[in-house]
Amino acid sequence: MAEHRKPRQSSLSGHTVRTAVTIVLAGAATATGFDGTGHAEPQLTPAQVKARVDKLYQQAETATQKYDGAKERADAAQRRLNTLRDEAARRQDRLNTARDALGSIAAAQYRDGAVDPAWQLALSGDPDRYLDDAAFAERAGHRQATAVARVREQLREIEQLRGASRVELTSLRSRQAELRRQKKTVTGKLDQARRLLGQLTPAQRTEVTGAGAAAGRASRSASSARDALERAGSVTAPDARAAAALAYAYAKLGSPYVWGATGPNAFDCSGLVQAAYRSAGISLPRTTYAQIDAGRRVSRSELQPGDLVFFYSGISHVGIYIGGGRMIHAPNPSAPVRVAPIDEMPFAGATRVV
C-alpha cells in the first residue's frame, strides 16, 4: 500500500509578503479616500470664498432678525412679568394690613368675652346706653364682615396675579430658549465665514470683502457732522423727519456692524434703521419683517431719500435710500456702515414711513 503523505505547504517568500502588505496598504488608502478622511479640503479660489461667505452672511442676517424679534418678545415678557410681580407685592401689602386689622378685632372680642346680648341688657345699669352701644356693635359687625369679604377678594386677586405670573414666566423662558437657538445659529454662520476668510491672504480678504474701499468711503463721507447734515438736508429729503434720519445715518458711516446692536456706536441692519428714525422722533419696529409693514409700500420707481429698502425673498436686510440708486446700510461683520448701490442685493420692496 502506498504511503499517504500530507501535501507540503509552501512558505511565503519575502517578496510575496512585501507584495501582500503593499496590496493591503493600497486597499486601506483607497478605503480612506472613499470615506472622505484621506483627502484635504480643496483650496477655494477667492471668488468661491466670496460666494460662500456672502451666503453665510445672508443666513446669519436672517438668523439675526429672528434673534432680534425673539429678544424684543423676551424683553416685553420680562416687563409684563415685572409688572405682575410688582402688583402682586402691592396687593400682598394691602392684604397684610387688612389681616392685621381683623386680628385686632378678634383679639378685642376675646378679651371682652362672648356674653349673650340678652344677659348684657339685663345686667346693664343703663339700658338706653346699652341699646345705643348694641346698635353701634351691629354696625361694627357689618363692617367686620365687609372687611373679611375684602380680605377674601384680595386673596383671590393675588392668586390670579400669581397664576398670570407663572404663565408669563413660562413664556419668558420659551423666548429665552429661542434667543439661545438663534444666537447659536448666528455665531455658527459667522464662525464659518471667518474660517473661510482665514484661508485667504490679507490682500485677497480685502478684495473679497471690499473692506478697505468701504472704510475709505465711510471715512470721507463722515468727515464731520456738518457734512452729514448738509448731505441730508431738506433740499434732498422730501420730509424734515426723513432728513433727520438721513443725517443720523450719514453721521454713523464707518460704525462697525455688530449683530443685535442698535447703536449708538455699532449696528446691525435693522438696528441702524430703527436708531436713525428714532433720532427723528419716529418709533419703528425692531426687525426687518416688521419694518417693511411700518409705513406705505412704494415701488422701486417711486423711491425717495429716506425710504426703507428691503432685500432677499425672506426680507432679511434693510437700508435707508439716499437717492441715485444708493443707500446707507450696515452690511455684515466684514464691513462697516457704508454707502452702497441698491443693486448689490436682490431687491424685495420698499416702505415710506413719513
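Visitor: What is the relative accessible area of F347, and how is it read?
Guide: Buried means under 20% relative accessible area, exposed over 50%, and partly exposed in between (1.4 Å probe, protein chains only). F347 has a value of 26%, so F347 is partly exposed.

Visitor: Is F311 buried or exposed?
Guide: F311 is buried, because its relative accessible area is 0%.

Visitor: What should I know about the model itself?
Guide: The model is predicted, with local features needing pLDDT of at least 70 and side-chain atom pairs pLDDT 80 or more, while totals for chains, interfaces and linings use all residues. Residues are numbered from 1 along each chain as its sequence is written, and side-chain values use heavy atoms, without hydrogens and water.

Visitor: How many aromatic pairs are there?
Guide: Rings of Phe, Tyr and Trp (its six-membered ring) pair if their centres lie within 6.5 Å; planes under 30 degrees apart are stacked, over 60 edge-to-face, the rest tilted. The count here is three aromatic pairs. One of them joins Y248 and F267 edge-to-face, at 6.4 Å centre to centre and with 85 degrees between the planes. Y248 and F267 are both buried.
Guide: F311 and F347 also form an edge-to-face pair, with 6.0 Å from centre to centre and 80 degrees between the planes. This pair links strand β2 (residues 308–311), which holds F311, to strand β6 (residues 347–352), which holds F347; the two residues are 36 apart.

Visitor: How many helices and strands does the chain have?
Guide: Helices (H or I, at least four residues) and strands (E, at least two) are DSSP runs, numbered from the N terminus. The chain has 10 helices and six strands.

Visitor: What share of the chain is buried?
Guide: Of the 354 residues in the chain, 36% are buried.

Visitor: What share of contacts join residues at least 24 apart?
Guide: A contact means heavy atoms within 4.5 Å. Among contacts between residues at least 6 apart in sequence, 63% join residues at least 24 apart.
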